[in-house]
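Me: I have a structure open and have not looked at it before. Can you walk me through it?

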Amino acid sequence: MKNSTIAPRIILELIGSNWHSCLQVLKIALESGGWIGALLVVGENLELCQKLAQAGSEIVEMAQIAIDSLNSDHLQESTAKAGRMTAQKLCEKVPAIQLITLPGVEASLVVLSTGFNLWMQVESIKTSNSTNIAGRISLVFDSQRIAELLANPAIAIAAPQYSQLTAADLKNNNSTLKQLWLQLLPLVQSASLVIEEPEKFYSFFREADCAKPCRGSEKHEGWSENTFKFTAVSQMPSICEFSISPLNSSSPAVMLDPLFWDSPTGILFESLDGGILRANPAFEKLTGYAEAQLRRLDCRSISHPEDFAAEVRCIQQLMHGSLQRQTLQKRFICRDGGIIWTEITISHIASPEAEDSYLLVFVKDLSSIQRAEQELQKRRQWESLLSEIAATIRSTFDFPKILEIAVRQLRFALSTDRVVAYRLQPDQSGICTAEAVDPAYPTIWGQSFSAETIPATYLKAYCEGRLWHVADIHAEGLSSCHVQMLEAMKVRSMMAVPIQRVDEDLKPLQLRPLWGLILVHHCRTPRLWTADEQQLVQAVANQVAIAFEQSVRVQQLQVHAEELEERVKQRTRSLERSLQFEQLIRNLAKTLYRGDLEEDRMLQAAVEGLVQTLGVEGCYATLFDRHQVLLEVVCQYFQKGIESSWPILSRPESNLPPPASLVGMRLPMQNLPENCRSDILAGKSFYIANPDEKLALANRHPVLISPIWDAQGLIGTICVVPGVGLESVSRLCQLEADEIQLVEQVASQCAIAIFQSRTWRRLQAQNHELTTLNRVKGELIANTSHELRTPLTAILGFSGVLLQECFGPLNVKQKEYVDRINSSGQHLLEVINDILDLSRIEAGRLELEPQIVFIAEVVQSAIDLVREQALEQGLILEVEVEPSLEYFVADSRRLKQMLLNLLSNAIKFTPVGTVGLKVYKSRLLLEGRPTDRINFLVWDTGIGIDPAEQGQLFSPFSQIDSSLSRQYQGTGLGLAIARKLAELHGGSITLESCKGQGASFTLSLPL
């Protein structure tokens, strides 16, 4: 047979009150579609779409029951024919109905399943009777149209998982479509069916019928093409109307005869007088009768008496035309005498000839639905049981309470007489820890049973995770003692399920330890335990095992929490002590590192802080006398005061300390034990636990001696007395390691503080001495310069007068000598001025006079002063000033002095070549902020400076060539003064030079 398909579109016009017809069609689609992958309600009529969605949700649960009843073979066959749609999607539960707004469509339902894919459009139509609503339902099976619908942007956004499906993914199953059509037949009225491409529809059923090899020819009598009548519909050019023609009474052939035989729904043709004309195989299978037997019976003989009267009334209403079809529930009497519940749909097929009229009855089996409902109810009850146990486990850690709830709910769910939680002891004996029992039977709660109660073979099986059940203890072949014990408890049937502990190492099930058993006793009658009941008890046992492990873990966590709490307390105490220690060190650091604090006051603060922090009885500190090799107490602090009877070995008679005081007491180092003396001198603490009488500073009390020690040796000691009693025998108290470490840290801080204090005092003395020297030097320079300036002024004045020949002309030799006297005096005056400037700068007495300086004027003035000197040496002077630079703030006289020093040096050390001055602007980042600078670059092509010698260039009175025969004269103060003046301006002078390649000095000042 060709792979033909049904017509791509079928239109039904269904008339009924409200949405009865729509409900029927939707129900049929859901129940016959196989595994449902998607349910989409699409349209723009929100009210109609919500009604359609509500109607679908009311029957989706029934469709799920029908889906669950399919066996695994049907699932595999369906998923194999589903094209590229994955089996995982198709085998899911019936999804929730998704509502999507789509313009242009009033209301529709899209069903995607393994059996068929359907787009059902619903359009409400007003009829002549205003109280009646007609629904036009268009069924689209064309996979291409459905794929285009799913690709619509409105649907693609709301349900993107279906927008990529193609026509190949949405291929229909022809057998499923035939079954769907047969189930739709009861809803079809005369002239109410419109089929698009009717030739496909006709060919589809004809070829399907020809493919049946086993049907007899008598099954097809009455089949002909005249059975289908097609008339064109003007408003729908490619759609034809289909109507059912009357059938003669002599041979009631079925429209579409092959579908009659293949329909999964029972179909009956009844005469108006109740006779059975024909029955399809589905009805035969349902009732157990053959068709020949049914023809000899009538409808009343196979109908339940209570339902027959209602059926007769429905038929009478159909005959009078008040109803077109009627659906009701009816019970049939099967051939074996059983009763089966069905749902029948009766339609009156009228004919002009009364004898040709008959009743068309579709019979749907409801027994599977009832069984599914019962199974569903039972599963819900069991799920509720497990959920309650799980909720109890989550809400409480009370294991006995969980056991009580578990046995009580399990007894109710199984409708049995007794459920017991039996716990095994280490010696394999057991005790009943929880019980739920019918009051009619004896209780065994709290009873103990010996180890022989459970045979070794049974116990091994339980340890391996296997359960044991028996339908009747008398028919199982149990030992007589075992039967007697069970009879004493009135047990007739029982089941035992092990409760195995969950091992943390995730060992195999067979190796998990056994906590106990759940015992289910049925006392009334024998009972066959079903697999579902066994699984339920096993699930409860697993929940009990989880609850037990949870209670064990909680107990362990409680113990661990208590341990952690104790650790936290200890840690808190330790942290508090550490904070106290840290605070002590911080406070001591603030106190000790004051340079003006006396040593005894430092040590007094240290001993008081130690006593208050450690809670010891007392503490005192000593300083080491290197000359006399002894320790002298300089301070002490005791909480309760020290007793006056504390023995004092030796002290100066002229400087007796106050009574009950250790201050001033001396302890020769030789009186200390040898090991104590060596440790103290090496900078190590020593704990004297049992001092003898010769150790006066201990007075037979335990004492910790921690040296105040640095790299130069012993400075002193801090002695901590943990316990001091009023009697001769003291309260012994041992210091802990962290306390000893604190004492050592305090001693170390004291050593640093004493060293700094002594160093500070030495530095103070040195600073005072240096200040005096600087003052004396300044006075000397000032006096010397004054004494030198007085005769020098006279020399310069008289030599100037002689050069002017005011007292007469001078000969050449006289003029030469007088000129030399004048120039030497000028040089000496410059040297004196440089020395005075340097001394004022170093003394901090030189003050700048900042003012607005015009850059061009300062540069021109400096160049003019050195121009003649440069021309005498035959040098070229080059000047370059950046045009944008006009003025800045500086000391004009000192700026000119710096430029003259740099230019003079450049001319002095440039025998031949060029000397230049360049002024430009730059920008530097200082502390993350851009700062503008003005740079005076003085460069030359002279002798240059070796990089190794550049470091001493800016030192006062320093010259690279310091020999007596040096070529270039000078005091070595010019560059030193220039750099110090630049630094006073907030600038700097830098040098770049190599020997024989000239030099570049850059004076950089803030702009």
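**Cysteines, sheets and a helix**

Reply: A search of the whole structure finds 0 disulfides. Keep in mind that this is a predicted model.

Me: What would a disulfide be, in general?

Reply: A covalent bond between the sulfur atoms of two cysteines.

Me: Is cysteine 481 buried or exposed?

Reply: Cysteine 481 is exposed, because its relative accessible area is 53% and exposed means over 50%.

Me: And what about cysteine 994, buried or partly exposed?

Reply: Cysteine 994 has 37% relative accessibility, so it counts as partly exposed.

Me: Back up a bit. How many helices and strands does the protein have?

Reply: The protein has 24 helices and 33 strands.

Me: What share of the residues is buried?

Reply: Of the 1007 residues, 44% count as buried. The accessible surface of the protein is about 52,600 Å², and carbon and sulfur atoms make up 52% of that surface.

Me: What about contacts along the chain?

Reply: Take the contacts in the protein with a separation of 6 or more: 64% of them are between residues 24 or more positions apart.

Me: Now the sheets. In what order do the strands of the sheet with E28 run?

Reply: That open sheet has 5 strands in the order E28-E30-E31-E33-E32, and its pairing is mixed. Strand E28 (876-881) and strand E32 (988-993) are the edge strands, each pairing on one side only. On average, neighbouring strands are turned by 25° against each other, direction ignored.

Me: How do E31 and E33 pair?

Reply: Strand E31 (residues 929-940) and strand E33 (residues 999-1006) are antiparallel, with 8 bridges between them. Isoleucine 934 stands opposite leucine 1005 in E33.

Me: Which helix lies across E32 and E33?

Reply: Helix H24, residues 974-984, and it runs at about 130° to E32.

Me: How many bridges link E12 and E13?

Reply: E12 and strand E13 (residues 339-349) pair over 9 bridges in the antiparallel sense. Leucine 328 has isoleucine 344 in E13 as its bridge partner.

Me: Helices, then. How does the span of H13 compare with what 1.5 Å a residue gives?

Reply: Helix H13 (residues 367-395) has 29 residues, so it should span 42 Å, and its end C-alpha atoms are 41 Å apart, which agrees. The buried residues of H13 include Trp382, Leu385 and Ile389.

Me: Last topic, backbone angles. What is the phi of glutamine 428?

Reply: Glutamine 428 has a positive phi of about 75° although it is not a glycine.

Me: Why mention that?

Reply: Because most residues other than glycine have a negative phi.

Me: Where does glutamine 428 sit?

Reply: In the loop between strand E15 (418-424) and strand E16 (430-437). Glutamine 428 is partly exposed, at 35% relative accessible area.

Me: And what about valine 629?

Reply: Valine 629 is not a glycine, yet its phi is positive, about 55°. The residue lies in the loop between strand E21 (618-625) and strand E22 (630-638). With a relative accessible area of 42%, valine 629 is partly exposed.

Note on methods:
Residues numbered from 1 in each chain as written. Predicted model: local features only at pLDDT ≥ 70, side-chain atom pairs only at ≥ 80, totals over all residues. Heavy atoms only, no water. Disulfide = S-S within 2.5 Å. Buried < 20%, exposed > 50% of the residue type's maximum accessible area, 1.4 Å probe, protein only. Pairing = 2+ DSSP bridges. Helix = DSSP H or I, 4+ residues; strand = E, 2+ residues; numbered from the N terminus. Axes fitted to C-alpha atoms, helices over the stretch in contact; angles between N-to-C directions. Contact = heavy atoms within 4.5 Å. Areas by Shrake-Rupley, 256 points an atom, 1.4 Å probe, with all protein chains shown as cover. Expected span 1.5 Å × (residues − 1).
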